[in-house]
Amino acid sequence: MKEVVLEILRNKALEVGVVSWFAAQFLKIVIAFIITRKVDLKWFISSGGMPSSHSAFASGLSTAVGLIDGFSSTNFAISLTFTLIVMYDAAGVRREAGKQAQTLNEIIEMYLSPHYKPQYKLKELIGHKPTEVFAGAIVGILIATIMI
């Protein structure tokens, strides 16, 4: 079992994906600081925002697989398919779910306050704008290009 874990940890493509995710999450803190002039470390573990860490991870992984195994390999085709689904989901499904949460929060506040106080607000920032997904993809591609 220990050998399997060590082998996974030595996987260069996976390493690129993790570093890409980390870089995107760190960039969220930097961008939030530039906009608000406040250091907010919660951005490091949050979803949503600029750049998309999901897209960074997936595109970094796919680029690394392409550079290692070749862009005509089956492994790259599988990885690219995974990446496109992740990016579509981030900019499509998850973004729409965030808009629905925002609308529900507004309805509760407008029509049910002050008689009804929910225990918590629905999380609104769970998806990404297309530009955030694109920026995340660029982060992943750059990290993979540098690391491989």
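Guide: Lysine 12 has its place in helix 2. Helices are DSSP runs of H or I with at least four residues, numbered from the N terminus. This is a predicted model, where local features need pLDDT of at least 70, side-chain atom pairs count only at pLDDT 80 or more, and totals for chains, interfaces and linings use all residues. Residues are numbered from 1 along each chain as its sequence is written, and side-chain values use heavy atoms, with hydrogens and water left out.

Visitor: Why does lysine 12 count as partly exposed?
Guide: Its relative accessibility is 32%. Buried means under 20% relative accessible area, exposed means over 50%, and partly exposed lies in between (1.4 Å probe, protein chains only). Lysine 12 therefore counts as partly exposed.

Visitor: What does lysine 12 touch, leaving out residues up to four places away in sequence?
Guide: Ile68, Met147 and Ile148. Contact means heavy atoms within 4.5 Å. The C-alpha atoms of lysine 12 and valine 65 are separated by 8.8 Å, and these residues are 53 apart along the chain.

Visitor: What makes helix 2 roughly antiparallel to helix 3?
Guide: The axes of helix 2 (residues 12-36) and helix 3 (residues 53-69) cross at roughly 150° and come within 7 Å. Axes are lines fitted to C-alpha atoms, for helices over the stretch in contact, and angles run from 0 to 180 degrees between N-to-C directions. Under 35 degrees is roughly parallel, over 145 roughly antiparallel, 65 to 115 roughly perpendicular, and the rest oblique. So helix 2 is roughly antiparallel to helix 3.

Visitor: Which hand does the crossing of helix 2 and helix 3 have?
Guide: Right-handed. A crossing is left-handed if the near helix is turned anticlockwise from the far one by less than a right angle, and right-handed if clockwise.

Visitor: How do the residues of the contact of helix 2 with helix 3 divide?
Guide: Into 12 nonpolar, five polar and two charged. Ala, Val, Leu, Ile, Met, Phe, Trp, Tyr, Cys and Pro count as nonpolar, Asp, Glu, Lys and Arg as charged, and the others, Gly among them, as polar.

Visitor: What makes helix 3 roughly antiparallel to helix 4?
Guide: Helix 3 and helix 4 (residues 74-91) pack at an angle of about 165°, with their axes 9 Å apart. That makes helix 3 roughly antiparallel to helix 4. Their crossing is left-handed. The contact divides into eight nonpolar, eight polar and one charged.

Visitor: How do helix 3 and helix 6 meet?
Guide: Their axes come within 7 Å and cross at roughly 35°. The crossing is right-handed. The contact has eight nonpolar, seven polar and no charged residues.

Visitor: How do you know whether threonine 63 is buried or exposed?
Guide: Threonine 63 sits in helix 3. Its relative accessible area is 12%, so threonine 63 is buried. Leaving out residues up to four places away in sequence, threonine 63 touches Phe71, Ile141, Ala144 and Thr145.

Visitor: What makes a set of residues a nonpolar core?
Guide: A nonpolar core is a set of buried Ala, Val, Leu, Ile, Met, Phe, Trp, Tyr and Cys residues joined through side-chain atoms within 4.5 Å. The largest here has 11 residues, among them Ala13, Val65, Phe76 and Ile143. Helix 2, helix 3 and helix 6 (130-147) each give two or more residues to this core. Helix 3 gives the most, with four.
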